[in-house]
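Let's sit down with this model and learn to read a few of its features together. Have the sequence and the 3D view open as we talk.

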Amino acid sequence: MMVAGAVTPAYASDNQNPNVQIKSTNTQLESGNPFVRYSVYTDDLFGSNGSAYTYQMNTVVNGCTSFPTPCNITYWIQGVVGVDKGSLIGQPAGWYVHDAHIELVYGPANGDCGAEGNCVSICEPSIPQLVNINNTDYNVLEQVNIDPTFPPELLKLTLAVSDQSTGQVFYSVSATCAPPSGAGLVQFFTQTEGVIVGCGAPACGTNEKFTPHGENLFDNYIDMTSEANKMSSTLAQTQTAEGSNLYQDVYDCFGESYQESYYLYTVMSYENTYSGSGAC
């Protein structure tokens, strides 16, 4: 995946499979302000053979059941957080959150974005500070909310970077956006996952190799909320075509009530450089 550019969602076989995803059987417009969320903590210092990677939160929406075959109007969104090596962006040694955006995919397919349909990059919050997140307990959180009162807004992307060990929040920024011409509203979330992948550019390779071997490098979780449905987790193929040599090792999955009117489901896992087999 380029840090910014066209998205190419497709089933892939890589070291992140099987990937535990959250699924919902909701079939109606959410009346509240539901969200999907992906939070990644640096659990151990790491190296990399490349120059960039991304945290990707891939979400199928609006009840699309034939994914990755295009459904009608808007059927897939991807929250992308680009992380660049310091030497790539003129910074000291380290790994920095450099950009974030949503990629909205809508149909029917017409070749503008491969076989998947139209793609457009939207909701790009301004990054106020470059933070080296290759520090233990540093957290990067991305969240996409649906606003059912559109207009004035359709989706909101929030990005936050913090040091969990000290409680310092370096920044929390948001951006909102309307759908492009031809796309439809995102009415509810159907399926979501969180993955860490190579950026897909020749400079960094599509299969990012993190080191050292045998370490849990990242501790992360994904959330999905809904007012209309109680959700569940499932082992599934990754939704993205990019690869990584990190392995998802799930250690907990649970559902609970959230802020009274919502139901929330969470999958918690490690991303490590050895093969894990956790499942829910």
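**Reading aromatic pairs and backbone details**

Q: How many aromatic pairs does the structure hold?
A: This is a predicted model, and the structure holds 14 aromatic pairs.

Q: How is a pair of aromatic rings described?
A: You need the distance of the centres and the angle of the planes. Take Phe46 and Tyr53: their ring centres are 6.1 Å apart and the planes meet at 75°, so this pair is edge-to-face. Phe46 and Tyr53 are both buried.

Q: What is the geometry of the rings of Phe46 and Phe210?
A: Here the centres lie 5.5 Å apart with the planes at 75°, so this pair is edge-to-face. The pair links distant parts of the chain, 164 residues apart: Phe46 sits in the loop between β3 (35-42) and β4 (47-48), while Phe210 belongs to strand β15 (residues 210-211).

Q: Why does Phe46 count as buried, and why does Phe210?
A: The cut-off to keep in mind is under 20% relative accessible area. Phe46 counts as buried because its relative accessibility is 7%, and Phe210 does so because its value is 2%.

Q: Which residues do ring pairs link into a cluster?
A: The cluster consists of Phe46, Tyr53, Tyr55, Trp95, Phe210 and Phe218.

Q: Let's turn to the backbone. Where is a cis peptide bond?
A: Look between Thr211 and Pro212, where omega is about 5°. Pro212 lies in the loop between β15 and β16.

Q: Which strand holds Asn216, and what does its side chain do?
A: Asn216 is part of strand β16 (residues 216-226). Its side chain makes a polar contact of 3.1 Å with the side chain of Asn272. If we set aside neighbours within four places in sequence, Asn216 is in contact with several residues, among them Asp43, Asp44 and Tyr270. With a relative accessible area of 19%, Asn216 is buried, because the limit is under 20%.

Q: What is the phi of Cys123, and what is that of Glu260?
A: Neither is a glycine, yet Cys123 has a positive phi of about 50° and Glu260 has a positive phi of about 70°. Cys123 is in the loop between β9 (118-122) and β10 (138-146). Glu260 is in the loop between β20 (247-258) and β21 (262-272).

Q: Is Cys123 buried or exposed, and is Glu260 buried or exposed?
A: Cys123 is buried, at a relative accessible area of 5%, whereas Glu260 is exposed, at 83%.

Terms used: Residues numbered from 1 in each chain as written. Predicted model: local features only at pLDDT ≥ 70, side-chain atom pairs only at ≥ 80, totals over all residues. Heavy atoms only, no water. Helix = DSSP H or I, 4+ residues; strand = E, 2+ residues; numbered from the N terminus. Buried < 20%, exposed > 50% of the residue type's maximum accessible area, 1.4 Å probe, protein only. Polar contact = N/O pair within 3.5 Å; in protein donor to acceptor, adjacent residues only side chain to side chain. Contact = heavy atoms within 4.5 Å. Phe/Tyr/Trp six-rings, centres within 6.5 Å; stacked < 30°, edge-to-face > 60°.
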